[in-house]
Amino acid sequence: MAGPVLPLIVLPQQDHPFARVQVNDETVSLMAGLIGIERDLLLGQLFLKDGLVSAEGSHFTHPRHDNFPAIKDGLAKSGAPDLEPLLIALEEAKDRDAVNSAYNGVQGGLLLAKQALKPTEQDITKAVIQTAEAATALLDPSGMTDVVAYQEAWGLLMVARGQLDSLMRSADPTIKQSATKMALAFDDVILFAPDPGASGPVKFDPGLVTSLVETLRGNSGSI
């Protein structure tokens with residue numbers, strides 16, 4: 001299954017090209033919230049195309065209620081455009097053309113929000129790790145996870161993996177190398193993850209994602 005098309009993050013210039021900067025926890029939280037919205041956009045598209053199970057209808061109805069409220073004020077403070085009208089338009093879209101138009105509108109809003117946040121490479125890395133941790137929390141320790149929870153965990157892993165693309169293009173060779181190792185660790189998990197289009201509980205070992213998180217933490221030290 002093809003991965004999501006993600007907004008390109010434009011990283012801010014630093015005084016020294018290989019400088020290490022302190023992580024901004026607020027920016028990390030906002031970035032993680034935006035990743036959550038991207039997750040729902042990905043699942044919403046798959047819901048329309050492949051008929052994914054969703055107890056509440058299309059996953060396009062989730063972002064405004066699940067992730068956006070927690071980051072709304074922070075985004076406004078950063079100067080980001082208001083995503084709420086865009087999310088409402090997506091919820092209310094009735095046909096394919098309207099959905100595509102509204103979807104593109106939200107993606108554009110996400111791009112502008114990320115540009116307003118100006119995340120550093122360190123901020124992006126920590127947001128990726130937090131997202132992987134959130135995915136772990138959704139998986140049932142028994143190894144059989146409710147299909148909707150599994151879809152949400154799978155979507156988080158997919159979108160978090162996509163965030164590493166910008167880091168793999170870093171001018172800093174250390175960051176580039178670490179990000180590449182992190183991306184490969186994601187790929188090893190995603191490759192063997194069951195299809196999110198299941199109709200019932202999904203058999204998936206949460207230990208794979210737990211190990212992924214440990215690998216991410218280990219590789220993040222040089223970033």
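Predicted model: local features only at pLDDT ≥ 70, side-chain atom pairs only at ≥ 80, totals over all residues.
**Entry 1: the chain as a whole**

I began with the contacts (heavy atoms within 4.5 Å): among those between residues at least 6 apart in sequence, 76% join residues at least 24 apart. Residues are numbered from 1 along each chain as its sequence is written, and side-chain values use heavy atoms, with hydrogens and water left out.

Next I looked up the elements and found nine helices and two strands in the chain. These are DSSP runs numbered from the N terminus, with helices being H or I of at least four residues and strands E of at least two. Along the sequence they come in the order α-α-α-α-α-α-β-α-α-β-α.

How much of the chain is buried? I noted 49% of the 223 residues. Buried stands for under 20% relative accessible area, exposed for over 50%, and partly exposed for what lies in between (1.4 Å probe, protein chains only).

I turned to helix pairs. Here axes are lines fitted to C-alpha atoms, for helices over the stretch in contact, and angles run from 0 to 180 degrees between N-to-C directions.

The axes of α1 and α5 are 11 Å apart, and the two helices pack at about 165°. They are therefore roughly antiparallel to each other. For the wording, under 35 degrees is roughly parallel, over 145 roughly antiparallel, 65 to 115 roughly perpendicular, and the rest oblique. The crossing of α1 and α5 is left-handed, a term for the near helix being turned anticlockwise from the far one by less than a right angle, with clockwise giving right-handed.

I listed who makes the contact: α1 gives residues including Leu30, Leu34 and Leu41, while α5 gives residues including Val99, Tyr103 and Val106. By class I have twelve nonpolar, three polar and three charged residues here. Ala, Val, Leu, Ile, Met, Phe, Trp, Tyr, Cys and Pro count as nonpolar, Asp, Glu, Lys and Arg as charged, and the others, Gly among them, as polar.

**Entry 2: α4 and α5**

I stayed with α5 and looked at helix α4, residues 84-92: the axes are 8 Å apart and the angle is about 160°. That makes α4 roughly antiparallel to α5. This crossing is left-handed.

On the α4 side I found Leu86, Leu87, Ala89 and Leu90, and on the α5 side Val99, Ala102, Tyr103, Gly105, Val106 and Gly109. The contact of α4 with α5 has eight nonpolar, two polar and no charged residues.

**Entry 3: α8 and α9**

Which way does α8 run relative to α9, parallel or antiparallel? The axes of α8 (residues 173-192) and α9 come within 9 Å and cross at roughly 175°. That makes α8 roughly antiparallel to α9.

I wrote down some of the residues in contact, among them Met182, Ala185 and Phe186 of α8, and Leu208, Leu212 and Leu216 of α9. The contact divides into eight nonpolar, three polar and one charged residue.

**Entry 4: aromatic pairs**

Rings of Phe, Tyr and Trp (its six-membered ring) pair if their centres lie within 6.5 Å; planes under 30 degrees apart are stacked, over 60 edge-to-face, and the rest tilted. I counted two such pairs.

The ring centres of Phe60 and Tyr103 are 6.2 Å apart with planes at 50°, so this pair is tilted. Phe60 sits in the loop between α1 (25-50) and α2 (63-66), and Tyr103 in helix α5 (residues 96-117), 43 residues apart. I found both Phe60 and Tyr103 buried.

The ring centres of Tyr150 and Phe204 are 5.7 Å apart with planes at 65°, so that pair is edge-to-face. Tyr150 is in helix α7 (residues 147-167) and Phe204 in the loop between β2 (202-203) and α9 (207-220), 54 residues apart. Tyr150 is buried at a relative accessible area of 1%, and Phe204 is buried at 6%.

Where does Ile35 lie? I found Ile35 in helix α1, buried at 1% relative accessibility. Beyond its neighbours within four places in sequence, Ile35 is in contact with Ala127, Thr131, Val159, Ala160 and Gln163. The C-alpha atoms of Ile35 and Ala127 are separated by 8.4 Å, though the two residues are 92 apart along the chain.

Neighbours within four places aside, Thr131 is in contact with Ala32, Ile35, Leu156 and Ala160.
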